[in-house]
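Hi,

Here is the structure I promised to pass on.

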Amino acid sequence: MSASFHVSESVAAALAEGRPVVALESTIISHGLPQPRNLEAAREFEQMLVERGVTPATIAVLDGVPQIGLDESGIERIALGGSMAKASVRDLPILAARRASGATTVAATAWLAARAGVRVFATGGLGGVHRGASETFDESADLDTLAGVPVAVVSAGVKSVLDIAATLERLETLSVPVVGYGTDEFPSFWLASSGHRLDWRVDSAAEVAAILRAQDAWRAEGAGAQGLVVANPISLAEQWDPVEHDRVLTEALAAADTAGVRGKAVTPFLLKYIVGASGGTSLEVNLDIARGNVRVAAEIATAYAAACHGREE
Ligand code: PSU
Ligand code: MN
């Protein structure tokens with residue numbers, strides 16, 4: 001068995017020609033958004049990239065083989081194929097051995113994107129340190145993985161279901177750089193701010209591309225291969241009502257506690273509960289957030305491709 005993955009024709013051509021590519025994850029589609037909005041969203045994110053001259057690379061595992069770039073039937077399988085496994089990096093060899101399918105988390109998507117040479121990735125929210133992690137040790141593999149794969153992840157921070165302060169501390173320990181995109185504060189997904197100030201702010205895609213190029217230069221010297229967290233907040237006008245947000249969040253955390261959810265089921269449980277308890281408002285905000293991240297990722301990938309090939313933007 002070869003330890004291989006499959007790169008779609010369009011992604012392979014874009015990479016070979018130095019054109020911009022943005023990776024998209026599939027767990028947000030299979031486990032993070034309800035049907036049928038998830039299928040519409042998966043198509044819409046790809047379409048937004050295409051309209052901006054960027055090649056989409058939605059990543060998932062189909063019948064054991066990691067796919068870098070999905071066709072329409074692959075997207076449908078992820079969105080509608082109910083029993084998709086939620087696959088982190090450690091699950092990839094098991095899916096391969098069983099020829100099973102899975103939707104990739106941020107960790108697995110970034111890890112696979114790196115292997116294919118895709119440098120920029122758009123998602124909704126990053127996984128992080130869960131509340132109560134000092135007891136449960138529940139910290140997403142997203143964080144540790146980003147310490148070792150050279151991929152810039154554009155997200156709206158981490159959801160307030162997590163322990164945001166602890167997540168930022170872990171990213172610091174892991175030497176994963178974090179920059180605020182047009183903000184001095186780390187966002188908290190549905191809300192534009194979290195009260196946590198960041199050390200670094202960037203205001204353009206070109207600045208991010210320059211950071212990626214600096215990382216590339218170090219990597220060429222044999223130094224580490226860190227990723228980059230680009231924290232892109234939703235606008236104040238589009239954010240969720242903070243009072244409603246706090247109410248639903250408290251309810252969701254209590255429900256997870258009562259239900260005794262553990263392990264990788266925690267994040268999907270909370271996300272689903274919150275969509276229901278918010279009467280769908282959180283879902284609309286969630287989609288606006290993801291769209292905003294896809295737009296910024298497209299700009300960064302375009303600036304990065306230009307910088308790599310000595311082109312003017
Ligand atoms: N956060 C979100 N939406 C999501 C996820 C996280 O706001 O869909 C998904 C991502 O795929 C992320 C994963 O990588 O959950 C993290 O899960 P865990 O906490 O089990 O590592
Ligand atoms: Mn976990």
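This is a predicted model: local features need pLDDT of at least 70, side-chain atom pairs count only at pLDDT 80 or more; totals for chains, interfaces and linings use all residues.

Where the two domains are in contact, 31 residues come from domain 1 and 30 residues from domain 2.

**Nonpolar cores**

The largest nonpolar core has 56 residues, and the members that touch the most others are Ile68, Leu126, Leu146, Phe186 and Val229. Which helix gives the most to this core? That is helix α6 (residues 106-116), with 5 residues. Both domain 1 (1-118) and domain 2 (125-313) contribute residues to this core, so it lies between them.

Leu146 is a handy place to start if you want to look around in there. Setting aside neighbours within four places in sequence, Leu146 is in contact with Ala110, Leu126, Val151, Val153, Val176, Gln226, Gly227 and Val229. There is also a second, separate core of 44 residues, and Leu39, Met48, Val54 and Ile75 are among its members.

**Aromatic rings**

Searching the whole structure gives 3 aromatic pairs. One of them is Phe189 with Trp190: the ring centres are 5.2 Å apart and the planes stand at 90°, so this pair counts as edge-to-face. Phe189 and Trp190 are both buried.

Trp190 also pairs with Trp240, again edge-to-face, at 5.4 Å centre to centre and with 70° between the planes. Why does this pair tie together parts that are apart in sequence? Trp190 lies in the loop between β10 (185-188) and β11 (191-197), while Trp240 lies in the loop between β13 (228-231) and α11 (242-259), so the pair joins parts that are 50 residues apart in sequence. Trp190 has a relative accessible area of 2%, which makes it buried, and Trp240 is buried too, at 3%. Together, Phe189, Trp190 and Trp240 form one aromatic cluster.

Two charged side chains sit over rings as well. Lys159 lies over the face of Phe189, 4.0 Å from the ring centre. Elsewhere in the list, Arg115 lies over the face of Trp111, also at 4.0 Å from the ring centre.

**Asp138**

The unreviewed UniProt entry has a "binding site" annotation that covers Asp138. In the model, Asp138 is found in the loop between α7 (133-136) and α8 (141-146). Is Asp138 buried or exposed? Its relative accessible area is 18%; buried means under 20%, so Asp138 counts as buried. Apart from neighbours within four places in sequence, Asp138 is in contact with Gly128, Val129, His130, Ala133, Gly263 and Val266.

**Leu253**

Leu253 lies in helix α11. With 25% relative accessibility, Leu253 counts as partly exposed. Leu253 touches Arg131, Val161 and Leu270, not counting residues up to four places away in sequence. Leu253 and Phe269 are 16 residues apart in sequence, and their C-alpha atoms are 9.8 Å apart in space.

If you are opening the model now, I would begin with Leu146 and its contacts, Val229 among them, and then go on to the cluster of Phe189, Trp190 and Trp240.

Cheers

Conventions: Residues are numbered from 1 along each chain as its sequence is written. Chains are lettered from A and ligands numbered from 1 in the order in which they are written. Side-chain values use heavy atoms; hydrogens and water are left out. Rings of Phe, Tyr and Trp (its six-membered ring) pair if their centres lie within 6.5 Å; planes under 30 degrees apart count as stacked, over 60 as edge-to-face and the rest as tilted. Buried means under 20% relative accessible area, exposed over 50%, partly exposed in between (1.4 Å probe, protein chains only). Helices (H or I, at least four residues) and strands (E, at least two) are DSSP runs, numbered from the N terminus. A charge sits over a ring if NZ of Lys or CZ of Arg is within 6 Å of the ring centre and within 35 degrees of the ring normal. A nonpolar core is a set of buried Ala, Val, Leu, Ile, Met, Phe, Trp, Tyr and Cys residues joined through side-chain atoms within 4.5 Å. Domain bounds come from an automatic or database domain assignment. Contact means heavy atoms within 4.5 Å. UniProt positions are given in the numbering used here, feature names are shortened, and annotations may be inferred rather than shown by experiment.
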